[in-house]
Amino acid sequence: MARSAKDHKTNALRELAATGLPHEALFFEADPSMTGVEIAHAQGEEVDAVFKTLVAEGKSGAHYVFLVPVACELDLKKAAAAAGEKAVAMCKARDLLPLTGYVHGGCSPIGMKKRFPTFVDETAQLFDTIYFSGGKVGCQVRMAPDDLGILVPFRYADLTV
């Protein structure tokens with residue numbers, strides 16, 4: 001049975017549509033075993049412009065969202081410093097859905113159940129547009145980092161190893 005565009009709507013895409021901010025939603029067949037780098041290559045995207053959304057918990061119990069390039073690793077010490085925490089630890093995959101409304105591999109910085117302090121790796125400033133999850137596995141959003149900042153206030157920081 002064919003799926004309509006409405007079937008593809010996620011919280012992130014609904015929020016984007018409501019704002020009218022320029023963006024492009026991209027859908028692809030998702031193989032759960034593919035890495036972000038493999039997906040970027042398969043989609044013909046510049047790997048450094050594709051970002052993954054990571055959620056961490058600080059020593060204080062507060063949660064934070066970090067966007068880093070898919071080919072890079074989040075440096076937990078740098079992330080903690082950016083968030084003003086003594087330390088941060090990655091949230092477990094099983095905790096993502098109740099916390100954010102999204103599953104592992106489909107977590108978007110837009111449309112989470114609650115807005116968390118958000119940090120984007122400083123390399124995003126090198127690109128006119130970046131790619132990140134659209135809120136489900138097999139969906140990406142392409143938009144300008146400045147436009148993302150209108151919808152989800154964030155700070156740039158050096159976040160990678």
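Mentor: Let us begin with Thr100, which is found in helix H4; helices (H or I, at least four residues) and strands (E, at least two) are DSSP runs, numbered from the N terminus. The model is predicted, so local features need pLDDT of at least 70 and side-chain atom pairs count only at pLDDT 80 or more, while totals for chains, interfaces and linings use all residues. Residues are numbered from 1 along each chain as its sequence is written, and side-chain values use heavy atoms, with hydrogens and water left out.

Trainee: Is Thr100 buried or exposed?

Mentor: Buried means under 20% relative accessible area, exposed over 50%, and partly exposed in between (1.4 Å probe, protein chains only). Thr100 has a relative accessible area of 0%, so it is buried. Met112, in the loop between H4 and E5, is also buried, with a value of 11%.

Trainee: How should I read a salt bridge, and how many does the structure hold?

Mentor: Side chains of opposite charge can pair when their charged atoms come close. The term requires a side-chain nitrogen of Lys or Arg within 4 Å of a carboxyl oxygen of Asp or Glu. The structure holds two salt bridges. In one, Glu24 pairs with Arg142, with the closest N and O atoms 2.8 Å apart. This pair links distant parts of the chain, Glu24 being in strand E1 and Arg142 in strand E7, 118 residues apart.

Trainee: Which residues form the other pair?

Mentor: Asp158 and Lys78 meet in a salt bridge at 3.2 Å, N to O. Asp158 lies in the segment after strand E8 and Lys78 in helix H3, 80 residues apart. Asp158 counts as partly exposed because its relative accessibility is 34%.

Trainee: How much space lies in the largest pocket?

Mentor: Rolling a probe the size of a water molecule over the atoms shows where empty space is left. On a 1 Å grid over the protein atoms alone, a pocket is an open set of points where a 1.4 Å probe fits, with protein on both sides within 12 Å along at least five of seven lines; lining residues have an atom within 4 Å of a point. A volume is the space filled by probe spheres set on the points, which are joined across faces, edges and corners. The largest pocket holds about 700 Å³ of space.

Trainee: Which residues lie nearest its centre?

Mentor: Of the 31 lining residues, Gly36, Lys52, His104, Gly105 and Gly106 lie nearest the centre of the largest pocket. Strand E2 gives the most to this lining, with five residues.
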